Amino acid sequence: MLYISAIANETSYWKEQLNYCNKTWAININANDKLYFILGKHKNKMFIEDYDDFFNIKKNIIENKIYYDVVDSFYPSEKDKLLIKHNLNFNATYKTLLDMNNFLKTNLIYYIRTHTGSYINLKLLNKFCRNIPKNNLYCGKIFNKDREFKKYKFCAGSCFILSRDIVEKICSDIKFVLNEYKNQPLIDDVFFGNLIINYYKITPMSSKIIFIKDINNFVFNKNIYHYYFKNKQKCIQENWYRIIHEKY
């Protein structure tokens, strides 16, 4: 039912976060779901020009040009744990668009984009998804924030859920979407929120999240599936994931 992608920006600690996920919440992946990990180039402002070929690129990898990532097994002995390789200068927005196209090659119902800095209780997430709409769905923790002198509404990029029809719309409109991003290069979650809410006229559905700044000072709720480690110093350690994991 679920296609789950955990994204990270290319930094010195993303591999550690990926491993923390795989040692805790990712081990509970349902046999009917798929889990991927994606890496985006940090703060890359390169723009794509070859709109018509965006989803079909299988050319040689050339630095600073656009080109589809190789999907390869990072954990070859573990079913459905794949890493989309990232030796390219793609940021999180482009990587997510490519990943959405990969989702459409499956028969799964919901596209879920999360973050390696999150802990996701997959059992509760599946339970939540059994009671939400299968169409016109854009769901997550809703924010209203100012960006470049304009207020934007969007669902937090640490975990948002899209129904298949929304992903189909985005991918079928890829030339328009890429042009919009070039003209207004917002951070990925704000960009997708602006696109889905203002262009596709979808009203977002709210879900709950617990932000953790200090692992020694937070309120645990066993009914919430999403915890996000909001630590500006990026000093997230394996025990942060482990502490949440063991509380369930």
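This is a predicted model: local features need pLDDT of at least 70, side-chain atom pairs count only at pLDDT 80 or more; totals for chains, interfaces and linings use all residues.
S158 lies in strand β8, residues 150-163. T114 sits in strand β5, residues 110-115. Both count as buried, because buried means under 20% relative accessible area. The table gives their values.

| Residue | Strand | Relative accessible area |
|---|---|---|
| S158 | β8 (residues 150-163) | 7% |
| T114 | β5 (residues 110-115) | 1% |

Now for their contacts, leaving aside neighbours within four places in sequence. S158 touches R113, T114, H115, S118, I209, H226 and Y228. T114 is in contact with I4, S5, A6, I7, W25 and I120, and also with G157, S158 and C159.

**A helix pair**

Two packed helices are described by the angle between their axes and the distance between the axes. Here the pair is helix α2 (residues 92-103) and helix α5 (residues 174-183). Their axes come within 12 Å and cross at roughly 170 degrees. The two helices are therefore roughly antiparallel to each other. From α2, the contact uses T93, Y94 and L97. From α5, it uses I174, V177, L178 and Y181. Of these contact residues, 6 are nonpolar, 1 is polar and none is charged.

**A pocket**

The second largest pocket has a volume of about 160 Å³. Its lining is formed by L124, K127, F128, S207, K208, N223, I224 and Y225. That lining divides into 4 nonpolar, 2 polar and 2 charged residues.

Definitions and conventions
Residues are numbered from 1 along each chain as its sequence is written. Side-chain values use heavy atoms; hydrogens and water are left out. On a 1 Å grid over the protein atoms alone, a cavity is a set of points where a 1.4 Å probe fits but cannot get out, and a pocket is an open set with protein on both sides within 12 Å along at least five of seven lines; lining residues have an atom within 4 Å of a point. Grid points are joined across faces, edges and corners, and a volume is the space filled by probe spheres set on the points. Ala, Val, Leu, Ile, Met, Phe, Trp, Tyr, Cys and Pro count as nonpolar, Asp, Glu, Lys and Arg as charged, and the others, Gly among them, as polar. Helices (H or I, at least four residues) and strands (E, at least two) are DSSP runs, numbered from the N terminus. Buried means under 20% relative accessible area, exposed over 50%, partly exposed in between (1.4 Å probe, protein chains only). Contact means heavy atoms within 4.5 Å. Axes are lines fitted to C-alpha atoms, for helices over the stretch in contact, and angles run from 0 to 180 degrees between N-to-C directions. Angles under 35 degrees count as roughly parallel, over 145 as roughly antiparallel, 65 to 115 as roughly perpendicular and the rest as oblique.
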